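Work through the following exercises with the sequence and the model at hand, trying each task before reading its solution.

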Amino acid sequence: MYANILFAQKTNPATPDQLYKDIVKADSLLFNAFNNCDSLTYRKFINDDIEFYHDLGGLNVGADYEMRSIMEMCARGNHIRRELIKSTLEVHPIKGYGAVEIGVHTFYHTNKGQAQEKVSGTYKFVQLWQFKDEAWKLARVISYGHNEMHND
């Protein structure tokens, strides 16, 4: 539903402020879908050839792998929620391609059968967004700083 708003964007953001707003919106819609296990909306924001680099998990390539991963996570019955720390967010243009988003986010989890949400940890990320087919799509992700994960 909200994704249609994003897809109607102009091809070239006119200002750095507009680019920042566009990426914040894309990030928000992507992770709203993630937080709510809305795989149909989540998929709209993922490039077919996405590369996901994780300091502990290594490299995963392709939308099929990414979608299988999120669907398996949701099927386990544990709830995972990501929250962007907005004060850390940087957005920079990549001429002729899109934008790079750099920041820090906190993940929370609620284990199956438990009511209380717990902090999993706070981690760093770099996301490369491609403006493709009149929409922002996530092309590359680097996720790091997972020294301490608390998912118990």
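**Exercise 1. Helix α2 and its end**

Compare the reach of helix α2 with its expected span, list its buried residues, and describe the residue that follows the helix.

Solution. Helix α2 covers residues 16-35, and its 20 residues reach 28 Å from the first C-alpha to the last, close to the 28 Å expected at 1.5 Å a residue, where the expected span is 1.5 Å times one less than the number of residues. Helices (H or I, at least four residues) and strands (E, at least two) are DSSP runs, numbered from the N terminus. This is a predicted model, in which local features need pLDDT of at least 70 and side-chain atom pairs count only at pLDDT 80 or more, while totals for chains, interfaces and linings use all residues. Residues are numbered from 1 along each chain as its sequence is written, and side-chain values use heavy atoms, with hydrogens and water left out.

Next, the buried residues of α2 are Leu 19, Asp 22, Ile 23, Ala 26, Asp 27, Leu 29, Leu 30, Phe 31, Ala 33, Phe 34 and Asn 35; buried means under 20% relative accessible area, exposed over 50%, and partly exposed in between, with a 1.4 Å probe and protein chains only. Finally, α2 is followed by Cys 37, whose phi is positive, near 55 degrees.

**Exercise 2. Strand β5 and its partners**

Determine which strands pair with β5 and in what sense they run.

Solution. Begin with the strand itself: β5 (residues 98-110) is mostly covered, with 12 of its 13 residues buried. Two strands pair if DSSP finds at least two bridges between them. Strand β3 (residues 79-84) is joined to β5 by six bridges and runs antiparallel to it, and here Glu 83 stands opposite Thr 106 of β5. Strand β4 (residues 90-94) is likewise antiparallel to β5, with five bridges, and Pro 93 has Ala 99 in β5 as its bridge partner. The hairpin of β4 and β5 has three residues between the strands, and in that hairpin Gly 96 takes a positive phi near 75 degrees. Strand β6 (residues 118-132) pairs with β5 over 12 bridges in the antiparallel sense, and Val 104 stands opposite Lys 124 in β6.

**Exercise 3. The setting of Ser 143**

Is Ser 143 buried or exposed, and which residues does it contact?

Solution. Ser 143 belongs to strand β7 (residues 135-144) and is buried, with a relative accessible area of 6%. The side chain of Ser 143 makes a polar contact with the side chain of His 146 at 3.4 Å, a polar contact being a pair of N or O atoms within 3.5 Å; within protein, one must be able to donate a hydrogen and the other to accept it, and residues adjacent in sequence count only if both atoms are side-chain atoms. Leaving aside neighbours within four places in sequence, Ser 143 is in contact with Phe 52, Tyr 53, His 54, Asp 55, Lys 124 and Phe 125, where contact means heavy atoms within 4.5 Å.
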